Amino acid sequence: MRDDTRPDRPDRRAGACHPVPPAMLAAAQPGGGTLSPLDSADASFRALITGPQPLALHAASLASGLPDRLVPLDELRALLLHPATGARDRNKVWAELVRRARSGSAAWVVGLVGVAMPGLRRAAATLSAGYRGDPADLQTEILAGFLAAMRGLDPDDLDRVPLASRLCWAAWRAGQALACADARYTAARRDLADSCDAPYLPWGHPDFVLAAAVARGVLSPAQAQLIGRNRLEGIPLARIAGELGISHSALCNRRKRAEKAITEAIRGGLLSDS
């Protein structure tokens, strides 16, 4: 299998550190292909995990409880989404994937995107319902936002920040910026209390249940980010209330209503495939 326990050595050749592997976004170019950008990225990912030497990580060397062998990235993605994998262990794997992607290896960039694909597709689904522009443009912005956020991470913070939520939220926010620039999309979303230029912040969860809740109208983006920031990121309600300029008790009630809504949706099976 292709891999060892050390990050790939960066390729110093001209163009080797291009932020987006050209094949990944070929479908976004005029006449460049028939696949959407996310489908193109997914196809590139599948090519890397197929055959006798799939792109893989030695999972147990990163987190206890994971298999003590080289684990192909598609299998690793499933393990990261499984409730049995704790948040700390999950983040250690994500940190290693980010380190390798930042090393300059196009293969590991594709690998990281492939592991994040459930979140990227959730981001696209959340935004696409009201967007009337070219879906390829929206998906390209989502991918670009994800990769820009990956490149902007502080290497010293990789083990301390919730990487999956931070990167996938950055992807959603990049897509939202494009969508909100489209007047038809903005008009379709006027009924939402959240304006397009609101200071959205990351939400996080292992299997993107919050993103599914937003996509299906169970939660607004503001409700999802409130739950994510407080319950998953550990940011105190008092701090969030100060940022929003509302009282602590009002924010408690807002969170209570949001959590009741998502709990009822889960119990009712509305998010059972998330």
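Which helix holds both Trp169 and Trp172, and how many residues apart are they? Both lie in helix H7, 3 residues apart, or about one turn of the helix. The views below come from a predicted model.

**View 1. The aromatic pair of helix H7, Trp169 and Trp172.** A search of the whole structure finds 1 aromatic pair. The ring centres of Trp169 and Trp172 are 4.5 Å apart, and their planes meet at 15°. Planes under 30 degrees apart count as stacked, so this pair is stacked. Trp169 has 1% relative accessibility and counts as buried. Trp172, at 2%, counts as buried too.

**View 2. Helix H3 (residues 87–102) and what covers it.** H3 has 16 residues. At 1.5 Å a residue they should span 22 Å; the end C-alpha atoms are 22 Å apart, so the two agree. Buried residues of H3 include Asp89, Arg90, Trp94, Glu96 and Arg100. Val93, Leu97 and Val98 are also among them. Their cover includes strand E1 (56–58) and helices H2 (73–81), H4 (106–115), H6 (135–152) and H7 (163–180). Gly104 follows H3, with a positive phi near 105°.

**View 3. The crossing of helices H11 (residues 237–244) and H12 (residues 248–267).** The two axes come within 9 Å and cross at roughly 105°. That makes H11 roughly perpendicular to H12. From H11, the contact uses Leu237, Ala238, Ile240, Ala241 and Leu244. From H12, His248, Leu251, Cys252, Arg254 and Arg255 take part. By class, the contact has 7 nonpolar, 1 polar and 2 charged residues.

Terms used:
Residues are numbered from 1 along each chain as its sequence is written. This is a predicted model: local features need pLDDT of at least 70, side-chain atom pairs count only at pLDDT 80 or more; totals for chains, interfaces and linings use all residues. Side-chain values use heavy atoms; hydrogens and water are left out. Axes are lines fitted to C-alpha atoms, for helices over the stretch in contact, and angles run from 0 to 180 degrees between N-to-C directions. Helices (H or I, at least four residues) and strands (E, at least two) are DSSP runs, numbered from the N terminus. Angles under 35 degrees count as roughly parallel, over 145 as roughly antiparallel, 65 to 115 as roughly perpendicular and the rest as oblique. Contact means heavy atoms within 4.5 Å. Ala, Val, Leu, Ile, Met, Phe, Trp, Tyr, Cys and Pro count as nonpolar, Asp, Glu, Lys and Arg as charged, and the others, Gly among them, as polar. The expected span of a helix is 1.5 Å times one less than its number of residues. Buried means under 20% relative accessible area, exposed over 50%, partly exposed in between (1.4 Å probe, protein chains only). Rings of Phe, Tyr and Trp (its six-membered ring) pair if their centres lie within 6.5 Å; planes under 30 degrees apart count as stacked, over 60 as edge-to-face and the rest as tilted.
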